[in-house]
Amino acid sequence: MKVLKKLPLVLSVAALCVIIAISGSDSSVKTEKAKETGKTAPVSIEKNEEEMRGVWVTYMDLDMQETDKSYKSFKKKFKYIANTAKKDKFNTLVVQVRPFSDALYESSYYPYSHILTGKQGKNPGYDPLKYMCKYTHKLNMKIHAWVNPYRIRNSSSLKLSEDNPYKNNRKLGVKVGDGLYYNPAERNVRKLIESGVVEIVKNYDVDGIQFDDYFYPTKSERFDSEQYMNYVRNVGAGKAISLDDWRLTNVNILIAECYSLIHHTKDNVVFGISPQGNIENDYDLYADVRSWCSKAGYIDYICPQLYYSLKNPALKFETALKNWSNLEYSDKVTLYIGIAGYKTGTDSDSGTWSYSDRILQEEVKLVRKMKLKGFMFYSFANLDSKKAKKEVSNLIEILD
């Protein structure tokens, strides 16, 4: 089934509300009020405006399983992360706080993450996100809470706690290989994800919420065939949209509702998504990036993962940068660029990261040349690694 090539299916937020209604949703989010003003260039940086210089902090960077797992040790670990990023002239930490249907914070919906104690659901005796917000702001930096909305686990080795939402309702999840994922077609999945997002915004002093690039884990028609056939029966075969368009819409509804709920809860908190860097690959995951960029009411910013070298034979960084810059953008949406610190000092992209130790520097120069508002670096572990030391040092050189 290859109807994705005819996309974008540029659905307005108002149109989504119609599909919510005919799909039987009981959502009360007033997304139909979102404006649809579009323009043909991404938002550019204004004079004297601070450039986004983000660092992704993964759950692995925060893993406490090899330490004494104490609050003191966690504070020491996070202080080192934040202080290092600050010293290296970054201004925003994007911290992974919900990697596997779990939480690095006190949640009414998700169990505590296993990375804190070695066992999912075990209370560590402290609130990691509360401390991370407090310390990040003490350094005059910003913090975005990075959420993986659909992933429950990516291998069978992760033992889920009895209070994991999936354990309470197995109909919410679908197995794909050794992985387990929430089904985007399920209305209760949407409610769960949205409630978890609102909980973070309401209870913690975060500056932003960010979703990563995981949406539908497969294109197999068996993944959600029951839900799709129910949809077709509800609306009638003559009025039903295709499976691909329906899946795009399922994700779009979640994105639009999260945006509305976040801004209703705290209007100063921004909502962003970091999709894959290849635009067509995003549609294979049912990530409708063209709609998110061009229509107000979905996101505040988008940060595609342009994890390519300048000479990557499959897709060069500059080519991908132009592809994203040439999309249509609402004047409410900011474009940031994700850069691949993890590839520095490796033979990735057919060895094209080994020709220079100024690749990241040149890529940021290209971002600035296009007058974009900034970039995000993946990830902290690579900011602090020996193999990337020279490349990172050359990047920091231009972060004045």
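The count comes to 13 salt bridges, each a side-chain nitrogen of Lys or Arg within 4 Å of a carboxyl oxygen of Asp or Glu. This is a predicted model: local features need pLDDT of at least 70, side-chain atom pairs count only at pLDDT 80 or more, and totals for chains, interfaces and linings use all residues. Residues are numbered from 1 along each chain as its sequence is written, and side-chain values use heavy atoms, without hydrogens and water.

Take Arg247 and Asp224. Their closest N and O atoms are 2.7 Å apart. Arg247 lies in helix α8 (residues 243-265) and Asp224 in the loop between β7 and α7 (225-235), so the pair ties together parts 23 residues apart in sequence. Helices (H or I, at least four residues) and strands (E, at least two) are DSSP runs, numbered from the N terminus. Both Arg247 and Asp224 are buried; buried means under 20% relative accessible area, exposed over 50%, partly exposed in between (1.4 Å probe, protein chains only).

Lys87 and Asp88 also form a salt bridge, with closest N and O atoms 2.9 Å apart. Lys87 is exposed at 57%, whereas Asp88 is buried at 8%.

Now the sheet. It is open, has nine strands and pairs them in parallel, in the order β10-β9-β8-β7-β3-β2-β1-β12-β11. Two strands pair if DSSP finds at least two bridges between them. β10 (334-335) and β11 (337-340) stand at the edges with a single partner strand each, so one side of each has no neighbour in the sheet. Inside the order, four bridges join β3 (residues 142-147) to β7 (residues 208-211). His144 has Gly208 as its bridge partner in β7.
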